[in-house]
Amino acid sequence: MNQSNPLQSYKTVATQTAAPGNLVLTLYDGALRFLELAVEAFTDEDPIAHNSRINNNILRAQSIINELNHSLDMDAGGELADKLRGMSVSGIAGSPTCTG
């Protein structure tokens, strides 16, 4: 553990000891936060910063959703896992990506 950065040490311990449900919730919250930051970026005056912030935040949200999707246990999760997989796949397929 990195003693020179107490905040990072705290975050590491918090993630390693959290209940699985809390970790999933935290990841979904993170994805939503990145999507909110992407929406906020539409107000940027500079077109390069505008595109970069939108693109980077959407890619971060997509990465989180992809990871959650890949970690679903379809056998144990049953109908809930099927619904979550459908939501994540349609959410990723329907989300715009910006390049430039």
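## Starting with a definition

A helix here is a DSSP run of type H or I with at least four residues, and helices are numbered from the N terminus. With that in hand, let's look around this predicted model.

## The largest pocket

How much space lies in the largest pocket? The answer is about 180 Å³. Its lining is made up of Thr-15, Leu-23, Thr-26, Leu-27, Gly-30, Arg-33, Phe-34 and Ile-64. Sorted by class, that lining has 4 nonpolar, 3 polar and 1 charged residues.

## How H2 meets H3

Helix H2 also packs against helix H3, which spans residues 47-70. Their axes lie 8 Å apart, at an angle of about 160°. Angles over 145 degrees count as roughly antiparallel, so H2 is roughly antiparallel to H3. The crossing of the two helices is left-handed.

Now for the residues that meet. On the H2 side they include Val-24, Leu-27, Gly-30, Phe-34 and Glu-40, while the H3 side includes Arg-53, Asn-57, Arg-60, Ile-64 and Leu-68. By class, this contact has 14 nonpolar, 2 polar and 3 charged residues.

## Residues in both places

Notes. Residues are numbered from 1 along each chain as its sequence is written. This is a predicted model: local features need pLDDT of at least 70, side-chain atom pairs count only at pLDDT 80 or more; totals for chains, interfaces and linings use all residues. Side-chain values use heavy atoms; hydrogens and water are left out. On a 1 Å grid over the protein atoms alone, a cavity is a set of points where a 1.4 Å probe fits but cannot get out, and a pocket is an open set with protein on both sides within 12 Å along at least five of seven lines; lining residues have an atom within 4 Å of a point. Grid points are joined across faces, edges and corners, and a volume is the space filled by probe spheres set on the points. Ala, Val, Leu, Ile, Met, Phe, Trp, Tyr, Cys and Pro count as nonpolar, Asp, Glu, Lys and Arg as charged, and the others, Gly among them, as polar. Axes are lines fitted to C-alpha atoms, for helices over the stretch in contact, and angles run from 0 to 180 degrees between N-to-C directions. Angles under 35 degrees count as roughly parallel, over 145 as roughly antiparallel, 65 to 115 as roughly perpendicular and the rest as oblique. A crossing is left-handed if the near helix is turned anticlockwise from the far one by less than a right angle, and right-handed if clockwise. Contact means heavy atoms within 4.5 Å.
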